[in-house]
Amino acid sequence: MTEPDPRAELRDGPELMGDALDARLSETWGDKPGLIGWLRTVDHKRVANRYIVTALVFLALGGVLALLMRLQLAQPESGLISADRYNQIFSMHGTTMMFLFAVPVMEAFGVYLVPLMVGTRAIAFPRLNAFSYWLYLFGGIMIWVAFLLDIGPEAGWFSYVPLSGPQFSAGKRTDFWAQMITFTEVAALAVAVELVGTIIKQRAPGMRLDRIPLFVWSILVTAFMVIFSMPAVTLASSMLISDRLVATQFFNATEGGSALLWQHLFWFFGHPEVYIIFLPGLGFISAITETFCKRPVFAYPLMVAALVTTGLLAFGLWVHHMFATGLPRLGYAFYTAASMAIALPSGVQIFCWIATMWDSRPRLEVPMWWVIGFIITFVIGGLTGVMIASVPLDLELHDTYFIVAHFHYTLIGGGVFPLLGALTYWFPKMTGRMLGNRLGKISFLFTFGGFHLTFMTMHFTGLMGMPRRVYTYPAGMGWDMLNLISTIGAFVLALGVLIFVLNIVLSLRGGAIAGDNPWGAASLEWATHSPPRPYNFAHIPAVTSNTPLWEETLPCFSGLRVEERELLLTTAVEAEPDIREPSPKPSVWPLVAALATTLLFIWSIFSPWAVVWGSIPAAIALILWFWPKDPAEPGKEPVIE
Amino acid sequence: MSTKPNFVGDLQALPTYAFGARSLTWWGVIAFMMIEGGGFALAGGAYLFLMSQESAWPPASYPPALVPGLLFTVTMLLSEIPNTILKKATEAQQLDKVRFWIIVLDLIGVILLVIRAFEFAHVNVRWSDNAYGSIVWALLLLHTIHILTEWVESIVLTALMFTGHGRLPRRFVDVSEDCLYWRFVWITWIPIFVLLYLVPRFV
């Protein structure tokens with residue numbers, strides 16, 4: 001055997017396939033073992049796994065806060081938690097669940113699954129992806145350390161001014177909250193850009209727009225919503241911190257500022273945020289329904305149209321969070337109409353899933369249980385949503401537990417149930433093992449039952465007038481029993497989640513070996529190993545229908561380089577092969593840049609000069625990150641002057 | 001794909017770079033433009049929202065001095081001429097031309113930053129005076145950050161074009177997309193100029 005010519009270009013194809021190809025590609029795309037490899041990785045699957053695990057840790061932390069609140073409210077006039085600590089706890093609960101759990105976990109599933117589902121080797125801008133994770137992690141740690149040191153946020157997850165302004169929120173509590181926003185929004189925006197790039201340019205040949213899996217469509221719409229909504233909250237929180245730090249007057253009414261400006265900017269982000277959490281959930285439901293009904297989801301074009309319509313309408317109803325602020329009459333009417341209109345695309349999708357199940361014989365595996373749990377719960381949440389879209393009723397119920405019940409039905413029903421279904425469904429792909437069936441069902445029953453016990457009850461607590469965000473209440477208001485039931489329900493729900501986690505731990509060690517496609521699913525992620533190799537696909541698959549794995553064969557393309565990281569760009573609409581694109585190698589610079597950025601963000605809580613001096617190390621790290629280390633273009637000799 | 005693969009085509013002959021919408025970089029740049037454009041639009045909206053709350057605008061001061069603002073705007077608009085030349089040179093992969101015109105744009109960046117300092121000096125309000133002052137400073141600062149980051153990026157690309165990397169087609173794509181981004185930076189200035197300099201005078 002002769003030494004191979006170092007300049008020869010190796011490519012996959014009939015001459016190089018099977019185990020020999022696997023060895024070569026693993027060498028090219030794999031990470032070095034050990035800590036250094038761990039810190040440098042840009043593999044979208046490894047980064048996504050970290051994102052998912054971290055987000056689930058934050059879910060657990062946010063859940064513990066919820067249990068603390070339920071303990072406090074289990075009986076009237078409880079002295080377990082002080083008013084001040086309670087303020088921090090409910091603020092941290094909302095902040096953790098929205099910014100550190102829900103959005104990151106949904107994007108993380110996108111980061112894991114989208115490149116596999118569109119049949120490419122890696123995510124677009126993989127180093128940005130690594131950077132995004134580190135930034136998210138550091139931001140989350142920062143806010144939780146602050147909270148444990150008694151400098152956690154105290155003005156609710158939406159930090160309304162003037163309550164969060166310099167006058168009523170002294171100290172640094174709200175500043176930490178505002179910078180947590182900066183951390184998580186930069187991270188979320190970076191992921192959105194990667195996902196848009198991956199979906200538009202890296203789809204497998206033949207995956208035209210009308211053949212994109214519905215989950216990928218939902219992620220695409222979500223990514224665009226992130227792009228258009230998150231600048232609003234970043235702008236708002238920057239204004240807030242500068243009001244507090246350098247005495248700007250954005251929200252100071254006596255100097256021409258406006259508290260409503262905060263609310264407009266916050267909810268211009270905050271309402272789409274709900275759909276940013278919920279649309280990926282719809283994507284999970286479509287993927288699971290398709291597989292277990294063994295037929296494509298009914299009326300694909302309508303489903304896509306419904307996703308896009310939801311994304312557009314979501315930007316037209318932020319004001320319904322502000323009905324109690326005294327707006328012009330016409331504003332009321334418009335935003336009521338928009339809020340009711342958004343029920344239509346959601347309804348269309350619900351009916352399409354029911355039609356899909358009707359027209360087939362669904363296999364009732366655990367993921368399908370979560371789908372059914374989702375449909376029941378989300379329909380109830382949607383109906384109370386239509387109720388409070390009506391201004392007179394909203395004015396009556398505003399800031400009561402009825403609202404708490406409503407949005408937990410939409411967020412847990414529309415987000416968490418699909419997520420737990422998705423975890424069960426894709427667990428074999430991610431780990432190579434099946435998630436236990438029996439514990440899965442028990443976990444579902446406890447979670448579902450506990451959820452409804454907790455939150456169905458809250459509708460009545462709210463109708464009886466109990467306001468949100470109170471740390472205790474007097475006896476004799478008629479709320480005692482309802483609150484006790486909610487507390488019991490919350491612990492049942494927590495037990496359900498605990499069983500889910502136990503199931504994961506047990507299945508990681510002893511679960512049945514899954515194989516490539518244990519559910520007999522149709523989309524491309526099931527065409528490769530479980531768990532996938534670092535390079536995802538040995539050969540780039542070619543797609544000829546919406547359900548490629550249900551066709552007789554899966555054709556593929558040869559000819560990508562194997563000793564360099566190379567992937568295929570296709571055209572945006574028709575997905576015709578267009579360019580061989582190099583993909584960045586592992587690098588430590590995203591981590592260094594994230595550390596420098598963390599320094600900048602935390603420093604700027606204490607001094608405005610941090611923006612000047614702190615940006616220097618960040619800029620240096622970014623320049624070193626972008627500076628090409630490898631003089632050679634793939635396939636070309638280094639060009640030296 | 002455990003069974004024998006069924007090859008239907010080969011990708012070997014495909015090119016390894018392209019300019020414009022065919023390249024991944026272009027889509028990344030466009031996505032960041034959407035993010036930042038959205039931020040500018042919302043900040044502009046905040047300006048108008050705060051204006052609607054006041055009977056006089058500016059409430060208690062003079063509008064920013066027109067001369068530095070106009071000078072900046074004219075220089076900025078003229079910079080599109082070398083920018084277009086540079087972009088065309090990158091697409092034709094003419095290294096010497098690229099090296100020359102990118103230096104011209106670096107120098108224009110310096111001139112713009114100097115004029116911008118005069119704008120700040122003659123804005124006629126402090127950020128802490130009132131909400132008007134705050135939003136004026138915010139808009140000006142937001143745009144200055146774009147000028148500054150774009151200038152640093154341009155310097156880095158200039159250095160890159162003078163090394164061996166400069167000969168590689170992908171680096172021409174980078175410079176070309178940077179020219180695209182420069183267009184975004186000056187186009188977003190136009191509505192900000194209208195808001196900061198013309199609205200207080202004529203509305």
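Modeller: Let us begin with A247(A), which sits in the loop between α7 (214–245) and α8 (259–293) of chain A. Helices (H or I, at least four residues) and strands (E, at least two) are DSSP runs, numbered from the N terminus. This is a predicted model: local features need pLDDT of at least 70, side-chain atom pairs count only at pLDDT 80 or more, and totals for chains, interfaces and linings use all residues. Residues are numbered from 1 along each chain as its sequence is written, and chains are lettered from A and ligands numbered from 1 in the order in which they are written.

Biologist: What is the phi of A247(A)?

Modeller: Most residues other than glycine have a negative phi. In A247(A), phi is positive, near 60 degrees.

Biologist: Is A247(A) buried, exposed or partly exposed?

Modeller: A residue is buried if 20 or more other C-beta atoms, placed from the backbone, lie within 10 Å of its own, exposed if 12 or fewer, and partly exposed in between. A247(A) has 15 such neighbours inside 10 Å and therefore counts as partly exposed.

Biologist: In what sense do β2 of chain A and β1(B) pair?

Modeller: Strands of a sheet pair through backbone hydrogen bonds, either parallel or antiparallel. Two strands pair if DSSP finds at least two bridges between them. Strand β2 (residues 555–558) of chain A and β1(B) are parallel, over four bridges.
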